[in-house]
Amino acid sequence: MDSCLFIHGFTGGEHEISPLSRFMEQHNYHSRTFTLKGHGGSRKDLLHSDRHDWRQSAEDELKSLLNQTESVHLIGFSTGALIASHLSVQYQTRIKSLTLLSAPVFPLNMLEILRTLGSPAMLRNYFSKFGSTPAKATREFQRLVRESFEVYPHIEIPTLIVQGRRDHLVKTKSAGYLQQTIPSGRKQVLMVENSGHMVCHCDDSERIMNEVLQFIERSGAS
């Protein structure tokens with residue numbers, strides 16, 4: 001049985017990718033989700049962690065999984081996609097495929113986010129999230145975004161890039177940049193017209209999950 005490691009996003013949790021994780025389990029893949037260090041707890045927990053801790057906690061999970069299986073499919077959502085990119089290069093010979101969901105190559109800034117939001121409920125949600133996130137943690141996220149530009153040109157494994165056109169947190173040009181920059185001979189871009197940032201929870205999630213499954217199946221067979 002092939003294994004998939006799922007990595008959630010900044011200030012998020014396993015719920016962000018749980019629909020896809022369950023879907024892969026239903027199709028005979030062993031799925032592992034976990035919580036990045038500093039996440040899932042208090043504001044203080046996030047304050048006392050940095051990007052190195054986030055990457056290390058993901059690497060620890062990957063190494064644990066690789067002790068049980070020969071190779072792994074990496075699936076990262078948002079900031080988790082950046083971390084997955086780093087790990088895919090570091091452990092290239094043992095990673096079968098890389099799936100990047102809503103990768104924040106070019107994140108929107110706060111003013112851009114406010115301009116794109118359409119409802120008071122969404123505004124309240126984003127203000128709440130930004131207000132509860134320590135400035136130090138946001139700076140760590142921004143550093144991870146910058147450092148990842150050095151990684152993309154070294155990704156040579158099969159890569160699937162999934163991007164929602166209505167993503168309020170990531171510029172749509174991120175997908176095109178990844179397509180042009182990643183040198184893998186086997187890469188695919190899936191632009192989802194009616195999806196925002198949370199691609200695993202959008203109206204087209206069933207189609208997205210089937211696309212991910214088919215991509216991983218083809219990668220596992222190669």
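In which sense do β4 and β5 pair, and over how many bridges? β4 and β5 pair in the parallel sense, over 4 bridges.

## Before we start

This is a predicted model, in which local features need pLDDT of at least 70 and side-chain atom pairs count only at pLDDT 80 or more, while totals for chains, interfaces and linings use all residues. Residues are numbered from 1 along each chain as its sequence is written, and side-chain values use heavy atoms, with hydrogens and water left out.

Helices (H or I, at least four residues) and strands (E, at least two) are DSSP runs, numbered from the N terminus. Two strands pair if DSSP finds at least two bridges between them.

Let us begin with β4 (95-101). This strand is mostly covered, with 6 of its 7 residues buried. Here, buried means under 20% relative accessible area, exposed means over 50%, and partly exposed is in between (1.4 Å probe, protein chains only). On the β5 side, Leu98 stands opposite Thr159.

β4 also runs parallel to β3, joined to that strand by 6 bridges, and Gly76 stands opposite Leu100 in β4. The chain crosses from β3 through α4 to β4 in a right-handed β-α-β crossover. Right-handed means that, with the strands pointing away from the viewer, the path from the first strand over the helix to the second runs clockwise.

Thr99 is found in β4. Thr99 counts as buried because its relative accessibility is 0%. Not counting residues up to four places away in sequence, Thr99 touches Leu74, Ile75, Gly76, Leu160, Val212, Phe215 and Ile216. Contact means heavy atoms within 4.5 Å.

## Helix α8 and the next crossover

β5 and β6 pair in the parallel sense over 6 bridges. From β5 the chain crosses through α8 to β6, and this β-α-β crossover is right-handed too. Gly164 stands opposite Val192 in β6.

Which residues of α8 (173-181) are buried? They are Ser174, Ala175, Leu178 and Thr181. These residues lie on the same side of α8 because they cover an arc of only 140 degrees around the axis; the arc is that of the directions from the helix axis to the C-beta atoms. What covers them includes β4, β5 (159-164) and β6 (187-192).

In soluble globular proteins, nonpolar side chains tend to be buried together. A nonpolar core is a set of buried Ala, Val, Leu, Ile, Met, Phe, Trp, Tyr and Cys residues joined through side-chain atoms within 4.5 Å. The largest one here has 36 residues, and those with the most contacts inside it include Ile83, Leu100 and Leu178. Among the elements that each supply at least two residues of this core are β1 (3-7), α3 (51-66), β4 and α8.

Leaving aside neighbours within four places in sequence, Ile83 is in contact with Ile7, Leu36, Trp54, Arg55, Ala58 and Leu144. A second, separate core of 23 residues includes Cys4, Ile75, Leu160 and Leu213.

How many disulfides does the structure hold? It holds 0 disulfides, a disulfide being a pair of cysteine sulfur atoms within 2.5 Å. The sulfur of Cys202 is 8.2 Å from the closest cysteine sulfur, in Cys200, and that is too far for a bond. Cys202 counts as buried, at 11% relative accessibility.
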